[in-house]
Amino acid sequence: MRLSETAAEVMRSSEYMEICSKLGETALKMVGAKRYVVSKAIDIQRSKQESQYETDEDRALKLIQIMPYWLDAQVKLNNHKSDMSRKEIKECKETVTRFNKIIRTMIDEEQCSSMKETMDSINEVMLMLNYTRSEIEYASQSFYAVIQGMRHEIAAESALNWTPGVELAEMTNIEDDLNGGDIHIIYVDDQGERFEFNIDIKATKISAYKAKEKNRRPGYYVVCSGFDDDDFCGRVLPEDRTIKSKCPYFSQQIKEIVAAERQRRSKAQTLRRAV
């Protein structure tokens with residue numbers, strides 16, 4: 001994944017040149033200007049795109065385009081959340097979630113071969129677009145956390161799709177993600193009863209425990225991914241044999257969730273009869 005090469009192509013484009021000529025040299029020298037000009041140029045390019053097929057370059061462009069808005073949103077949520085309205089918080093969370101989805105898809109499509117290569121590529125493109133050193137350090141820490149979470153989600157999703165009884169395990173939409181769901185699951189038990197639910201994947205048992213304690217609402221299910229650092233062996237994703245070895249673990253987790261879902265259904269039916 002060489003984001004800097006993609007950014008360089010954008011800066012040679014007619015769309016970028018046209019925006020620069022309108023802004024003038026003084027405006028372009030302002031701190032942070034270049035990143036937003038590149039983002040706008042990408043926006044114009046994508047609006048002209050006719051093909052619905054998404055390439056590796058398309059995903060790289062989407063990542064560069066949203067990067068400045070993601071950084072702004074991340075800083076606001078981390079440092080100024082107490083001063084923000086609910087509407088502002090939701091908008092920032094939506095931006096962060098869109099960014100995370102792009103990273104997740106890039107990992108899923110094998111655009112990120114190793115953690116080091118991915119982090120180096122991100123740092124390189126940020127330097128090119130005149131992000132400050134402090135911004136790059138802050139973003140790098142956040143990127144690393146995002147990539148860690150996304151690779152655990154993808155590994156868990158892959159294992160779930162190999163787990164008996166699971167008809168489908170796929171990434172949730174943005175709205176469900178905002179409500180805490182990472183993976184949407186369709187499961188059919190031995191009697192043919194069908195269940196649909198979302199699960200929140202956490203990278204460690206501690207983070208899974210904390211999430212459960214924080215949010216106890218009915219229908220919210222948290223599952224530790226079951227993978228540790230040794231399973232990844234320095235790669236972004238584990239090998240298939242390692243992923244498949246986690247199927248018994250996920251089978252047990254799903255059965256526990258299904259038992260809870262049965263209780264929810266039973267209570268709902270009881271309430272309907274009472275009414």
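Two strands count as paired if DSSP finds at least two bridges between them. Helices (H or I, at least four residues) and strands (E, at least two) are DSSP runs numbered from the N terminus. This is a predicted model, in which local features need pLDDT of at least 70 and side-chain atom pairs count only at pLDDT 80 or more, while totals for chains, interfaces and linings use all residues. Residues are numbered from 1 along each chain as its sequence is written, and side-chain values use heavy atoms, with hydrogens and water left out.

**Sheet**
- In β4, V223 stands opposite I201.
- Strands β3 (residues 194-202) and β4 run parallel and are joined by 4 bridges.
- The open sheet has 4 strands in the order β1-β2-β3-β4, and its pairing is mixed.
- β1 (166-171) and β4 (221-224) are the edge strands, each pairing on one side only.
- From one strand to the next, the twist averages 30°.

**Helices**
- Axes are lines fitted to C-alpha atoms, for helices over the stretch in contact, and angles run from 0 to 180 degrees between N-to-C directions.
- Helix α8 (residues 133-161) lies across β1, β2 (183-188) and β3, at about 165° to β1.
- The axes of α1 (residues 3-11) and α7 (residues 115-128) come within 8 Å and cross at roughly 25°.
- α1 is therefore roughly parallel to α7 (angles under 35 degrees).

**T172**
- T172 is in the loop between β1 and α9 (174-178).
- T172 counts as buried because its relative accessibility is 5% (buried means under 20% relative accessible area, 1.4 Å probe, protein chains only).
- Beyond its neighbours within four places in sequence, T172 has contacts (heavy atoms within 4.5 Å) that include K101, D177 and N198.

Terms used: Buried means under 20% relative accessible area, exposed over 50%, partly exposed in between (1.4 Å probe, protein chains only). Angles under 35 degrees count as roughly parallel, over 145 as roughly antiparallel, 65 to 115 as roughly perpendicular and the rest as oblique.
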